[in-house]
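Welcome! Let's take a friendly walk through this model, with the sequence and the 3D view side by side.

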Amino acid sequence: MANARARRTVRLSRALGLALTPKAEKYMERRPYGPGQHGRARKKQDSDYAVRLREKQRLRAQYGIREVQMLNAFKEAKRLGGQTGDNLLALLESRLDALVLRAGFARTIQQARQLVVHRHILVNGQRVDRPSFKVQPGQLIHVHEKSEKMVPFQMAAAGEHATVLPAAPAYLDVKLEALQATYLRAPERAEIPVTCEENLVVEYYAR
């Protein structure tokens, strides 16, 4: 099942032109073209709608969220005022699963979600099993004491994910050996390690 999921992720990465996992990145280095028998063929120019749709799909895939979750995040971002695109990314980045990934506790967003769902992650000492939980500035994200001896967390504490993940962003104060991270503040757009032209996503939902 894990292998099938990995293959689907690689295929989606190739379709979107964006490596969603370290494994997908290695695969795409060898095959830098889309999946299927027509993957190498020259593609006709996409319509404006297709460009916006693909950008929305790329953003969704990087956070591993459903369409309804994305739409709800957009609506909240629009209500906040200011730059809707910046708001949208900041809201997505404050999700617990995203911050577990940024802290280096997990190797992929899928693994981060599993760690949360399986109740290995605490926020200010309380178990949270909802990946979509919105972390507030000042809150401490940490691994449950009974889970610290598990192999995935031992690997994380040893910094073994550092070779495949970006450095922890400035809005997180990470103590990796202790498997702890404090969410200091809302991120600036330039600090968020996602590949996205968020204005196209906004235009897609505003159509």
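Predicted model: local features only at pLDDT ≥ 70, side-chain atom pairs only at ≥ 80, totals over all residues.

Side chains of opposite charge can pair when their charged atoms come close. In this structure there are 13 salt bridges.

Start with R52 and E203, whose side chains form a salt bridge with an N to O distance of 3.0 Å. This pair joins distant parts of the chain: R52 sits in helix 3 and E203 in helix 9, 151 residues apart. R52 is partly exposed at 27% relative accessibility, and E203 is partly exposed at 34%.

Next, find E76 and K134, a salt bridge in which the closest N and O atoms are 3.4 Å apart. Here E76 belongs to helix 4, while K134 lies in the loop between strand 2 and strand 3, 58 residues away. Both count as partly exposed, E76 at 28% and K134 at 37%.

Now turn to R119, which pairs with D129 in a salt bridge, with 3.6 Å between the closest N and O atoms. D129 is in the loop between strand 2 and strand 3, and R119 in the loop between helix 7 and strand 1.

R119 also brings us to the backbone. Most residues other than glycine have a negative phi. The phi of R119, however, is positive, near 65°. N124 is not a glycine either, and its phi is positive at about 50°. N124 is found in the loop between strand 1 and strand 2, and is partly exposed at 44% relative accessible area.

Technical notes: Residues numbered from 1 in each chain as written. Heavy atoms only, no water. Helix = DSSP H or I, 4+ residues; strand = E, 2+ residues; numbered from the N terminus. Buried < 20%, exposed > 50% of the residue type's maximum accessible area, 1.4 Å probe, protein only. Salt bridge = Lys/Arg side-chain N within 4 Å of Asp/Glu carboxyl O.
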